[in-house]
Amino acid sequence: MHRTGELYGQFKTLEQQKETATLGMWIFLITEVMFFGGIMLAYALNRHVYYPAFAAGSNTLSLKLGGFNTVVLLASSFTMAMAVWSSQVGKKTLISIFLLLTIALGFVFFGVKYVEYSQKFHHHLVPGKNFNIFYCVENPSSCPDVDAPELMEESKLLDEAKAADPDLNAHAQLYYSAYFGMTGLHALHMVIGAGLLFWLLKGSLAGRFTPQWNTPVDIVGLYWHFVDIVWIYLFPLLYLIDRHK
Amino acid sequence: MSEQEHQENSEHIVPPTTYLAIILTLLVLTATTVGAAFINLHRFNIVVALAIATLKATLVVLFFMHAKYSPKRTKLIILAGIFWLALLLGMTLSDYITRVDYRGVRFPMTQVIQQLPAQRAWSARRSHPQESKSVHLKTTRARRPWHANLQRVLHPAPLIFIT
């Protein structure tokens, strides 16, 4: 980390230096867009070919948990934007408070993700040898977190899907591979983002960020908002395929 | 913060009220997208969902990421990135949508793999050996007109997302 507000030789002004850093971050974010774009393209093609299996898989996800996580992530983006604002106007304690809030919301997201993933493991919904999309319908006693009316609904939807696609169990694994792949990569980005936020917090507690020099806050902010955008797309693509029954 | 410091730093500062308005809009749009998913719009469900997601992403990019207040150079880079993504997605999808494989099967491949006549005869002999001993492999094929493949390729391509 270079010293507060130091002007490097190749730049004329601090403003130009910051603009260059921001531009570089945007170019990095575009490479990230390409990365997630390719994965979403693969998802789109598979979804097109195996629509009944993807719709059935989507309906086994918990909309409550997914929706809650969306709200949490949007809120964390807001607190991050506020942290950037506090650094721009020079409110040093506010930066730390907003960074802490952002980190806290990030960890709430991880907590919900942990609950969601562990449910999928218990419900035999992880692609592999033991994958069985009918597991909860066949063994209701092993799925205490799914209540009876939900189970009835799920059973009906799975029967319909089975009629449309005789190889439902195999193709639902494709959906769950996409689900774990995409949400897993998103979570990995969140972990990196949380690490960067801790690093920012260290800097802000030392009082390093001033209205003249707050480039790291701005750039980590860009990264955090990008991760938010990825989730904005993942939420409807994974959770809301076929809710209208 | 002194007046002089403020003048040194000419970057645009987005006020918290704007951020508050944006986050509230984003939450309302999230509720809208969940609500819209429960209405049966047939093939347009995914169109609506992606339109709302894109609107939300645009708000985040413009205000939270300050793209609206960025220099033109940064804006150009962002637009070039979106254009490049559209190009890659569009080219790949147009390839898949118009693809016809060697069996004449259009994308999407159906779950029932279509068999060639020779394969069909072979599997018929395997499953009913006593009946189909007399099945001879020579099948007569009608000659396809010269524009048959062209018609398949130029068939109005469905939007890949609309399933």
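A:Leu238 touches A:Ser58, A:Leu61, A:Tyr179 and A:Met182, leaving aside residues up to four places away in sequence. Contact here means that two C-beta atoms, placed from the backbone, lie within 7 Å. The model is predicted: local features need pLDDT of at least 70, side-chain atom pairs count only at pLDDT 80 or more, and totals for chains, interfaces and linings use all residues. Residues are numbered from 1 along each chain as its sequence is written, while chains are lettered from A and ligands numbered from 1 in the order in which they are written.

A:Leu238 sits in helix α8 of chain A, residues 215–239. Helices (H or I, at least four residues) and strands (E, at least two) are DSSP runs, numbered from the N terminus. A:Leu238 is buried, because 20 other C-beta atoms lie within 10 Å. The cut-offs are 20 or more such neighbours within 10 Å for buried, 12 or fewer for exposed, and partly exposed in between, with C-beta atoms placed from the backbone. A:Ala178 is 60 residues away from A:Leu238 in sequence, yet their C-alpha atoms are 8.6 Å apart.

A:Leu238 also belongs to the largest nonpolar core, which has 76 residues. Such a core is a set of buried Ala, Val, Leu, Ile, Met, Phe, Trp, Tyr and Cys residues joined through C-beta atoms within 7 Å. The residues with the most contacts inside this core are A:Ala53, A:Ala56, A:Ala81, A:Ala83, A:Leu234 and A:Leu238. Helix α8(A) gives the core its largest share, 18 residues. A:Ala81 touches A:Gly221, B:Tyr19 and B:Phe64, again leaving aside residues up to four places away in sequence.

Within chain A, helices α4 (residues 92–122) and α7 (residues 168–205) have axes that come within 10 Å and cross at roughly 155°. The two helices are therefore roughly antiparallel. Axes are lines fitted to C-alpha atoms, for helices over the stretch in contact, and angles run from 0 to 180 degrees between N-to-C directions. Angles under 35 degrees count as roughly parallel, over 145 as roughly antiparallel, 65 to 115 as roughly perpendicular and the rest as oblique. The crossing of α4(A) and α7(A) is left-handed, a term for a near helix turned anticlockwise from the far one by less than a right angle. On the α4(A) side, the residues that meet α7(A) include A:Leu99, A:Ile103 and A:Phe109. Their counterparts in α7(A) include A:Met190, A:Leu197 and A:Leu201. This contact has 13 nonpolar, 5 polar and 2 charged residues. Ala, Val, Leu, Ile, Met, Phe, Trp, Tyr, Cys and Pro count as nonpolar, Asp, Glu, Lys and Arg as charged, and the others, Gly among them, as polar.

Chain B has 6 helices and 0 strands. Of its 163 residues, 14% count as buried. In chain B, 44 residues are in contact with 43 residues of chain A. Helices α1 (3–8), α2 (16–37), α3 (45–64) and α4 (72–98) of chain B each supply at least two residues of the side that touches chain A. The largest share, 10 residues, comes from α4(B). This side of chain B divides into 29 nonpolar, 11 polar and 4 charged residues.

Two histidines have a positive phi. Most residues other than glycine have a negative phi. For A:His124, phi is about 55°. A:His124 lies in the loop between α4 and α5 (135–138) of chain A and counts as partly exposed, with 19 C-beta neighbours inside 10 Å. For B:His66, phi is about 60°. B:His66 lies in the loop between α3 and α4 of chain B and is buried, with 21 other C-beta atoms within 10 Å.
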